[in-house]
Amino acid sequence: MSKIAEFKALEAQLAEQLKQLDAMKNDEGLKREIEFESKLRSLMAEYGMSLRGIIALIDPQPVSKTEQKTTSNRRKRQVKTFKNPHTGEIVQTKGGNHKVLKAWKAEFSAEVVDGWLQ
């Protein structure tokens, strides 16, 4: 791309961004958020509180991500045991992405291997 074309593209992009900035400056929602933030910061300074202190005050025992995962309605996968009748080898897996199980399915077909489920 030539320098002139690059310059004109950047100039057009800048004009678009300036138009978006002007639209945001006139947005009532943004004005309310800015006002809220400034009042909140002045209150924090007045009472000597930090943001972490306010969060601890409002939500003293936050739920960690591991706790959120355990409360899901999704049921846990059950362990499936497959036994190869030819070799006597046993494979235990919760999913179908097991290396040995895939090899068996490639060699004997998926229907046959599904029949080996214990």
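**Entry 1. Fold and numbering**

I read the chain along its sequence and noted the pattern α-α-α-α-β-β-α-α. I counted six helices and two strands, taking helices (H or I, at least four residues) and strands (E, at least two) as DSSP runs numbered from the N terminus. The model is predicted, so I kept in mind that local features need pLDDT of at least 70 and side-chain atom pairs count only at pLDDT 80 or more, while totals for chains, interfaces and linings use all residues. Residues are numbered from 1 along each chain as its sequence is written, and side-chain values use heavy atoms, with hydrogens and water left out.

**Entry 2. Burial and contacts**

I looked up burial and found that buried residues make up 9% of the 118 residues; buried means under 20% relative accessible area, exposed over 50%, and partly exposed in between (1.4 Å probe, protein chains only). The chain exposes about 10,800 Å², of which carbon and sulfur atoms supply 56%; such areas come from the Shrake-Rupley method with a 1.4 Å probe, and for residues only the protein chains shown count as cover. Among contacts (heavy atoms within 4.5 Å) with a separation of 6 or more, 24% join residues 24 or more positions apart.

**Entry 3. Aromatic residues**

I found two aromatic pairs. Rings of Phe, Tyr and Trp (its six-membered ring) pair if their centres lie within 6.5 Å; planes under 30 degrees apart count as stacked, over 60 as edge-to-face and the rest as tilted. The W104 and W116 rings have centres 5.5 Å apart and planes at 75°, so this pair is edge-to-face. W104 lies in helix α5 and W116 in the segment after α6, so the pair ties together parts twelve residues apart in sequence. The F108 and W116 rings, with centres 5.1 Å apart and planes at 65°, are also edge-to-face. W104, F108 and W116 form one aromatic cluster. W104 is buried at 5% relative accessibility and W116 at 9%, whereas F108 is partly exposed at 24%.

**Entry 4. T93**

I located T93 in strand β2 (residues 90–93). T93 is buried at 10% relative accessibility. Leaving aside residues up to four places away in sequence, T93 touches Q78, V79, K80, F82, H98 and L101.

**Entry 5. S109**

Most residues other than glycine have a negative phi. S109, not a glycine, has a positive phi of about 95°. I placed S109 in the loop between α5 (99–108) and α6 (110–114), where S109 is partly exposed, with a relative accessible area of 27%.
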